[in-house]
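This briefing is meant for a reader who is meeting the structure for the first time.

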Amino acid sequence: MTRLREEVKKALSCKRVSWALTRFADNYVVAREKAYAGKDFAVLRQRVAQIKEETIARLEELAEQFVREATRRGAVVYRAASAEEARAYIADLARAKGIKTVVKSKSMATEEIHLNRFLQEQGLEVVETDLGEWIIQLSGQRPSHLVMPAIHMSRQEVAELFRRQIGVEVEPEISQMVQLARRELRKKFLSAWMGISGANVAVAETGTVAILTNEGNGRLTTTLPPVHVVVVGLEKLVPRLADIVPILEVLPRNATAQILTSYVTLITGSVPAVDPEGNYLPQKELHIILLDNGRTRMAADPVFREALKCIRCAACLNVCPVYQQLGGTFGAVYTGGIGVILTAFFTGFEEAAQLQELCLGCQRCREYCSANIDLPGLIEELRRRVVAKKGVGPAARVALAGILPRRRLFHGFLKTAARMQAPWVKEGKLCRLPFFPELTEGRALPPLSSVPFRERTAHLPRPQSPRGKVVFFSGCLIDYVFPGIGEAVGRVLAAMGRELVHPEGQGCCGFPAWQAGLPGTFARLAQQNLAALAEIEAEAVITACPTCTVALKYLYPEVLKGDAEWAELTRVLAEKVTDFSSFVWERREELLPFLAPIREKITYHDSCHLKYTLRASCFPRELLLAGGAELKEMEPAELCCGFGGSFTLKFPELSRAILERKLQAIEGSGAETVALDCPGCLWQIGSVFSGKTKHTAEILAASLKYPQAP
Amino acid sequence: MAEREELISAFSAQAQALGAEVYRASSPEEARALVKRLIEATGVRRVALASSPLLAPLNLALVIEAAGAELVKGSLREQAEQAEMGITAFELAVAETGTLVQDATELDTRLFSMLPPIHLALIPVKGLVANLEEALNYWLAKGEIPGYMAFISGPSRTADIERVLTIGVHGPGRLLIVLLGEEEAELND
């Protein structure tokens, strides 16, 4: 078992973290929606993205302008190339001033450079003043969330911590503990000689830094001590002061579903202060450290520069199904998917190379990003670079690069496996898999079908006078595990007067290879399938698997875009490819007359690719409703089932934990049937749900008034 | 001035939703009487008063005394530490977000709005703007941005323990807002 999987198992055993994070996540989605009332998130985040794109394009120029303006207003600006330089500057400054006590307000940039440990080693007393950060500091842990560092701790644990570390008896009552923190930290504020803060925005035009806080510790840190040090990453620059407005509108709404944080502080240059001895200083010392530490290198990277648009709202963590289970284990100093990318540049490629495996590719984070960053795309790119550098594991090399592109070998292998699985199949279910016993623990997986779909096509019903021809791309799961879905597709299309053609030469769509970071293997599969599908002149190419649709429609053109020979073919195919439910919905008038009322209480499960890439998850719902089904939505909606293709093989325990949450939502809906459009989700959900789990095509086919084509 | 009234009611609703208490006085006499009542009602004994051209004509030092409280003395830090209530003035308020906006470059304004457990904020209704963009444009139009600008929306809050919202961690736990109105505009409405 890999070290990472061990860590995942350890994190999963700490139920407290996932309990807190999932509870927060469920509330967050609803509260955030409310906070955006009257606002257009899509427009706002586009403005943020444009501002940050300008920043990245003009990074050096803006940095120089910021230095000039802030200096003119009385600040001292230091440009630190590395974490070491930033730390040394602050330590030297404290030493030169004879400073022994430092208060800090929350700053990820200082976490990134491990400032506290360094200053403490230099003999300084450093106190975090954000309540969550203070709790983390007292407990000697590391923050588990960008915005809510102590979200994983219970009130009892905090009370116990206060008793132990401060020596004060306090009831595990939150308002009492908050008052205790106020009293204790007020003493620190009043006696500190240096305040260190981060900044959410740095404005080149005016040399201003903006700090958003709720507790007020940011204001005290930047006001009481006579020396203020700001540590701010270069990417926080924006060109103009007016640019802070869209950031102020998005950041709090996306971070904590607040319309605005309690305090927004704009500091421009030096202002008056009184020191702890009561002496009035007309000009306090303001030092601003513009931190590079890998950011310039990132800006020079044609792909990863996009990650510099991040404004650290942490929405991507809040909605991430993996993060909800693992908390800080998914990431390093910066957590979650964005943390993986930042780690690659700020800390080290090796660490990021490990962590990227934890992304299951559900794409939900992209929907919520403040700056429209294609985070799933960045993680895919990171994975490709990891594979290019280190290769894939031996099992993946044989299976994905060796067998998958050799269609006959692959299909022969599946057929052999279908015969050999017999000893493990009981009542039509795989009960204990050899090699992967974790996968079958506590559930029954569907076995490989003894007769694949490709051998059943001869028996499909055919319309007597076909209205058109449709090419069906079945994909591996339908072909070899769920051929019934393919047959259902055939029956529904026959009722609609369509002749279904299943070209023999098609194989795996290649997504597993793409997902594993093997674009070369993927391109080979793309060419094979294109050649097979192009042979037949058809109205449309449909699939009953959203992942296959995404591969054919979006990924083939991407991977073959440089290839003149294939570019035109991919373009033509991409236009014709559609998923089953969208195709039927568009032509529903041709089907509905043949449908008997669907008398079922159904809850619909959104597959990630159908919802977030194809944006088609409304169509199967509409179809089922039009067919007379009673639709019961799940609460919360939008939960991933945890399948993620090879993810479920790599992290079976994690995949299972995510599935448990899905199962609760399904059972909470009171529906007898889960409808879905993705055979992967069906594989995953069907193995645990006690009710029926069916593809939309199967539900429609079962309701056809004339089981044989008219 | 229907538009101003809309801004006032939007601001009040939003600020109250954030946990601030909003009052309104339509004349200097009303403002003085209101501040006296608020000091009496909160029961504070020691009050810190920031100097400001807006507050000067209200002569609040006398009001504080009349309410049975005293103005704190000593260095600015000592005043801020001792005061149970700080009184400061604001130039702008943002209706959409319930936010008060202040040039807090002067140390007394900054300290008295941060340290005492109760913050009494006075703001002329003519300073109400619709949104953050208008607020920022106001300062941009004035020339150089002040050294320390404070945007305050409701009292200090935290949700760092178990995500439970708790008021008054490092900053004031109570924010009392007095809108100083112009009578004639409202009577004509």
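Chain B has seven helices and 12 strands, where helices (H or I, at least four residues) and strands (E, at least two) are DSSP runs numbered from the N terminus. The radius of gyration of chain B is 16 Å, close to the 16 Å that the globule rule gives for 189 residues, so chain B is as compact as a globular protein of that length; this radius is taken over C-alpha atoms, and the globule rule is 2.2 Å times the number of residues to the power 0.38. This is a predicted model, in which local features need pLDDT of at least 70 and side-chain atom pairs count only at pLDDT 80 or more, while totals for chains, interfaces and linings use all residues. Residues are numbered from 1 along each chain as its sequence is written, chains are lettered from A and ligands numbered from 1 in the order in which they are written, and side-chain values use heavy atoms, with hydrogens and water left out.

**Chain B as a whole**

- Taken along the principal axes, the box filled by the C-alpha atoms of chain B is roughly 45 × 40 × 35 Å.
- Of the 189 residues in chain B, 58% are buried, a term that means under 20% relative accessible area, with exposed meaning over 50% and partly exposed in between (1.4 Å probe, protein chains only).
- Among contacts in chain B between residues at least 6 apart in sequence, 77% link residues at least 24 apart, a contact being heavy atoms within 4.5 Å.
- The mean positions of the 15 positive and 27 negative charges of chain B are 7 Å apart; Lys and Arg count as positive and Asp and Glu as negative, with His and the chain ends not counted, and the place of a charge is NZ of Lys, CZ of Arg, CG of Asp or CD of Glu.

**Chain A as a whole**

- Chain A contains 34 helices and 22 strands, and its radius of gyration of 28 Å is close to the 27 Å that the globule rule gives for 710 residues, so chain A is as compact as a globular protein of that length.
- The C-alpha atoms of chain A fill a box of roughly 95 × 60 × 50 Å along the principal axes, and 63% of the 710 residues of chain A count as buried.
- In chain A there are 88 positive and 78 negative side chains, and the centres of the two sets lie 2 Å apart.

**Nonpolar cores**

- The largest nonpolar core has 180 residues, and those with the most contacts inside it are Phe66(A), Ile288(A), Val322(A), Leu358(A), Leu654(A) and Ile177(B); such a core is a set of buried Ala, Val, Leu, Ile, Met, Phe, Trp, Tyr and Cys residues joined through side-chain atoms within 4.5 Å.
- Helix H10 (residues 174-191) of chain A supplies the largest share of this core, eight residues.
- Apart from this core lies another, of 97 residues, among them Phe453(A), Ile478(A), Leu493(A) and Ala629(A).
- Beyond its neighbours within four places in sequence, Leu358(A) is in contact with residues including Leu4(A), Val8(A), Val322(A), Phe647(A) and Leu654(A).

- Asp26(A) belongs to helix H2 (residues 15-35) of chain A and counts as partly exposed, at 25% relative accessibility.
- Neighbours within four places aside, Asp26(A) is in contact with Pro636(A) and Arg661(A).
- The C-alpha atoms of Asp26(A) and Glu635(A) are separated by 8.8 Å, although these residues are 609 residues apart along the chain.
- Glu635(A) and Pro636(A) are joined by a cis peptide bond with omega of about -10°, and Pro636(A) lies in the loop between strand S20 (630-631) and helix H31 (647-650) of chain A.
- Gln325(A), in helix H15 (residues 321-326) of chain A, is buried, with a relative accessible area of 8%, and its contacts beyond four places in sequence include Thr22(A), Leu654(A) and Arg661(A).

**Residues with positive phi**

- Most residues other than glycine have a negative phi, and most peptide bonds are trans.
- Ala257(A) has a positive phi, near 60°; it sits in the loop between helix H12 (244-256) and strand S9 (263-268) of chain A and is buried, with a relative accessible area of 17%.
- Glu162(B) also has a positive phi, near 55°, and lies in the loop between strand S10 (157-158) and strand S11 (166-167) of chain B, where Glu162(B) is buried at a relative accessible area of 11%.
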